[in-house]
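Here is a walk through one protein model. Keep the structure open and follow along.

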Amino acid sequence: MGDEWLGHIIEGAYDAAVEGGWYDWLNSLRRALGGTGAVLALLPRHSAAHRALPIACGDKTLSTGAVQHYLSQRGVDPWYQQARRQRNQVVQLDESLRRDRLDSPLAELFRTLDCHYSVGSILSTEHGHHLLGLYRCQGQSDFCRQQLRAVEQIALHLRQAMALTPFLHERIGARLDASHLASEAQPQAVVRANGTLAYANAAMEHYLCDAQTPLRFRRGRLGARQPLLQRMLERTQAAACQGQLTERLGGRLPLGSDQVTIMPTPESVLAGAALWQIQPAHAEFSSQLLKSELLSPC
């Protein structure tokens with residue numbers, strides 16, 4: 001594992017913080033370290049575990065549901081207990097922790113995943129905590145000392161990169177407000193062309209936490225649970241980001257009893273992105289939106 005590989009992964013963490021490509025970054029890290037599966041999760045302060053929107057890659061059995069189940073029960077995991085005491089340090093699953101884990105309520109989950117060797121860290125910043133974890137199956141070997149040193153360096157830079165995300169989130173929110181497009185009452189999100197979130201207000205975060213919503217995250221990108229709606233979202237999102245929408249009010253798509261309106265964001269907010277707004281299906285646009293610079297005639 002040379003310095004060139006390590007530098008690429010570290011640089012990629014900062015790029016992911018700016019561009020939202022956390023899934024691709026995590027998958028590159030997993031493959032480079034020979035991991036079966038990997039998880040990167042946000043653990044906000046003063047927030048229940050199910051409010052987190054984790055990213056998982058690799059093992060097909062490592063579903064979002066499995067990760068969310070772990071997050072909701074993480075306090076009983078002996079590895080997590082130690083990692084919480086040693087925040088910002090890399091903690092390897094040793095034999096003692098492995099035995100204790102087999103006696104924990106999460107034993108069945110780890111048997112299903114065949115998570116025999118693992119390494120990770122809880123990374124803390126002033127904005128909250130993040131969990132990074134990688135694991136291997138029983139038929140593989142444990143992570144070697146050189147790999148552990150690499151994970152330590154990566155975790156150090158990952159913590160710094162993660163601190164950029166809230167800053168960028170706040171900046172885009174301020175720009176949205178300055179453009180008279182912000183609405184605290186309605187769920188809103190600024191979505192990049194690649195489907196990753198650049199900004200979401202509190203109402204949108206609450207909306208996305210509902211397991212019954214037609215929207216979901218897959219591989220770190222916002223999309224739909226139903227294939228037909230997903231295709232419609234992709235077409236409308238692409239048209240908005242490329243400036244091809246001909247309707248002044250953007251594209252509207254049904255979301256059960258609600259609807260989502262997707263429109264291009266002004267360059268002053270974020271170029272090449274789209275604003276998603278959730279409204280009741282019968283709702284009309286507010287006077288603020290109608291008067292905005294985005295919807296004014298060309």
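Start at helix 2, residues 22-33. This helix has twelve residues and reaches 16 Å from its first C-alpha to its last. That is close to the 16 Å expected at 1.5 Å a residue. Bear in mind that the model is predicted.

Which residues of helix 2 are buried? They are Trp22, Tyr23, Trp25, Leu26, Asn27, Leu29, Arg30 and Leu33. The buried residues of helix 2 pack against both helices and strands. The helices are helix 1 (3-19), helix 7 (145-162) and helix 8 (164-178). The strands are strand 1 (37-43), strand 2 (55-58) and strand 5 (128-136). Just after helix 2 comes Gly34, with a positive phi of about 70°.

Now move to strand 12, residues 273-280. Is this strand mostly covered or mostly open? It is mostly covered, with seven of its eight residues buried. Strand 12 pairs with strand 11 (residues 258-264) in the antiparallel sense, over seven bridges. Within that pairing, Met263 stands opposite Leu275 of strand 12. Strand 6 (residues 188-192) also runs antiparallel to strand 12, and five bridges join them. Here Val191 stands opposite Ala274.

Finally, step back to the whole protein. Its secondary structure comes to eleven helices and twelve strands. Of its 298 residues, 49% are buried. Take the contacts with a separation of 6 or more: 58% of them involve residues 24 or more positions apart. The accessible surface comes to about 15000 Å². Carbon and sulfur atoms account for 49% of that surface.

Note on methods: Residues are numbered from 1 along each chain as its sequence is written. This is a predicted model: local features need pLDDT of at least 70, side-chain atom pairs count only at pLDDT 80 or more; totals for chains, interfaces and linings use all residues. Side-chain values use heavy atoms; hydrogens and water are left out. Helices (H or I, at least four residues) and strands (E, at least two) are DSSP runs, numbered from the N terminus. Buried means under 20% relative accessible area, exposed over 50%, partly exposed in between (1.4 Å probe, protein chains only). Contact means heavy atoms within 4.5 Å. Accessible areas come from the Shrake-Rupley method with a 1.4 Å probe; for residues, only the protein chains shown count as cover. Two strands pair if DSSP finds at least two bridges between them. The expected span of a helix is 1.5 Å times one less than its number of residues.
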